[in-house]
Amino acid sequence: MKLIDTNVSFGEWPFGTVGITSAKRLRNHLDSCSIKTALVSHLATILNPEPDHGNQRLFRALKNEKELIPVPVINPALADWRERLDQYRDRYAIKAIKVFPNFHRFHLPSPTMDRLVEYTREHRIRLMINIRMVDERHQYFGLKIDGVTLKSLADFSARHGDLKFLCLGLYRPEILELADQCGNFLTDFSFADWQFLLEELLGKLPVERILFGSHSPIMVTRSNVDQLRCANIPQSRIRKIGRDNAKKFFGL
Amino acid sequence: MPRIIDIHTHPVFFEDNISNQAIDRLVRYARKLGVEKMVSLGDVLRYGQKPGARHLRTLNDESHALVQRHPNFFIAFCYLNPLLGEKAVRAEVDRCVGKLGFKGIKLEVANNASHPSMKAVMKVAEEFDVPVLQHTWATQHKRMRMTHSDPIDTCALARRHPNTRVIMAHLPGIGHRGVLEAIGIDNLMVDTSACLPFAGLVEFACEKLGADRILYGSDLPIRELSACIARVTAADIPQSAKGRILFDNAAAWLGIDSNS
C-alpha cells in the first residue's frame, strides 16, 4: 500500500544535519519509504518573522510535483494573513494550511484564531496545528520553544466544537488525555511512542481520527512507516490510517 | 531480514505481575522483526531511584524468570545500586552473574557515574569480565546531574577503568556532544536506545566512532521496536555497518556464538 504522509517538511532545519532542499530528492526519498503523496510545508516559514517568503519558495519548488502537496504556513498574528491566504487560494488551490502557535506566539483560543477558523470553514480549507518540531529535552540551548499545551488545545477544541483539525506532533500521553476531552481533533503519531502504540491509541480514538505523519526528514521516515506497517491491527485499519483517512479529510 | 540483538530493554516495566502471555507475545513480535536475543535490564524505576537490596533482588529475579521462560531469547543484566556499598554490590553480582548466568551489569540513576561508590562496581565487573551499562543523558548544567550521568561522566568512568567494558546508553540522549566525548575510548560502546527517531545521529556516531563502537538498543516498552530498528536499517551507512550495529558487536561483547 502506498501511504499519504500528512507531516513532511521541505528545506533545511538549522538545528541538525538533516534537510531536503530538492523536490526531486524529497519525492525519491518518500517513494523509497512507500509514501506516494505528502502534505509538505517549508521549514523556512517557522523561524522567519513572516512565513510568506518560505511559502513562496515552497510553491515554486513543488510546482511540478503533483504528489507533493504544498501546505502554506499562516501566522494569524500578522496583519496581512488574509491577503496572503487569498493569494495562495487563487493561485494554488490549496487543500490545507498549517499554524505554529508557539513558534509564532499566538494563542489558539483567541479572536485571532477565530477569524482564521472562520476563513477555513468558508473556503473549505483544512487546518493543521503543529504541536512541536523536536523533543523539548533536546532543543538547541539558545532556543527553547515548548509544545502547544493541552489546555489551549482543549479550549480551542471547545470553542470550535464542530471543527475537525489535525494535530501534528502530540506525545502519546497527550493524545490519550486529549481523547478524553475533545471529540473533534485528529492526530498523527510521529511523536507518540510506546510498544504496540497503535493498538493502544485505537482503544481510545476512532480509527478515522488517526492519520499517518512521518515528520520527515527531521525524523527517520522509515521509523514511522514501519511503526504503522508492523502494527498488530487489521489491514483495513492500517489502510485507513496510512491512506484513506487523509484522502477523505483533505479531499485528495 | 536483519539479525538483531537488542541490548537495552525493560520487558517488565512498572508491572510486578506481567503475564507470561504478554511476555510470549512480545517474544513472538520481536522475533518477527528479526530480534534473536534481547537483554532485559529490569524494571529499573519501579522502586524509585535508589532501590534497596531486597528490591534489587526482586527485579533481578524477574529478569531471571524471563531467561528461564525463554532461555534462547532473553539475556539478563544485573541491576545494581552502587550506593549500597561494596558488600551488597558484590553479593548481588555473585548471585546474579556468578550463579544465575547474567551477562552484564545495569546502572540507572542512583548516583552519578563519577561517584566514589562506582569503584567497587567497576572492580567486580572487571573480575567477572562483564560490561557495565550506564544510563546516560545530556545533563550538563542541570541539577539532575547529581544522579543522572552526563556523557562526560560516563566517558570519564570508562577512562578511569580501562579494563572494564562500559556501554553508554541512549545515543539520542547523549546527542552529538556525547558522541564526540566518546572518541578514542576503546572500552566504551554507545547504544542507540531511547527517544524518538530523529534523523542523522546514527550516521554521525558511525562517522565519528566507527560502526564497531555502536550497539543497537530499543529501550522497549517505552519505544516501539519496529521504529527503533528502522533507525539503524534506514540510516545512510553501509550495509556491513548496519550488521555490526544490529548484531555482530553485541554478539562479540556478550560472547554469543553468531551461529547459535
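I began with the second largest pocket, whose volume comes to about 420 Å³. Lined by 18 residues, this pocket has Arg25(A), His29(A), Ala199(B), Glu203(B) and Asp236(B) closest to its centre. I keep in mind that this is a predicted model.

Next I asked which elements of chain A supply at least two residues each to that lining. I found strand E2 (19-20), helix H1 (23-32) and H9. By class, the lining of the second largest pocket splits into nine nonpolar, five polar and four charged residues.

Then I turned to the largest pocket, with a volume of about 980 Å³. Of its 31 lining residues, I noted Arg137(A), His138(A), Gln139(A), Tyr140(A) and His176(B) as the closest to the centre. Helix H6 (residues 171-181) of chain B gives the most to this lining, six residues. I listed the classes here too: 18 nonpolar, nine polar and four charged.

Last came the interface. I see 27 residues of chain A in contact with 25 residues of chain B. The two chains bury about 2,300 Å² between them, and carbon and sulfur atoms give 62% of that. On the chain A side, Asp193(A), Gln195(A) and Phe196(A) lose the most area to chain B, together 26% of what that side buries.

How many salt bridges cross between chain A and chain B? I get two. Asp193(A) pairs with Arg223(B) in a salt bridge, with the closest N and O atoms 3.4 Å apart.

Methods: Residues numbered from 1 in each chain as written. Chains lettered and ligands numbered in written order. Predicted model: local features only at pLDDT ≥ 70, side-chain atom pairs only at ≥ 80, totals over all residues. Heavy atoms only, no water. Contact = heavy atoms within 4.5 Å. Buried area = accessible area lost by both parts, 1.4 Å probe. Salt bridge = Lys/Arg side-chain N within 4 Å of Asp/Glu carboxyl O. 1 Å grid on protein atoms, 1.4 Å probe; cavity = no way out; pocket = protein on both sides within 12 Å on 5 of 7 lines; lining within 4 Å. Points joined across faces, edges and corners; volume = space filled by probe spheres on them. Helix = DSSP H or I, 4+ residues; strand = E, 2+ residues; numbered from the N terminus. Nonpolar A, V, L, I, M, F, W, Y, C, P; charged D, E, K, R; others polar.
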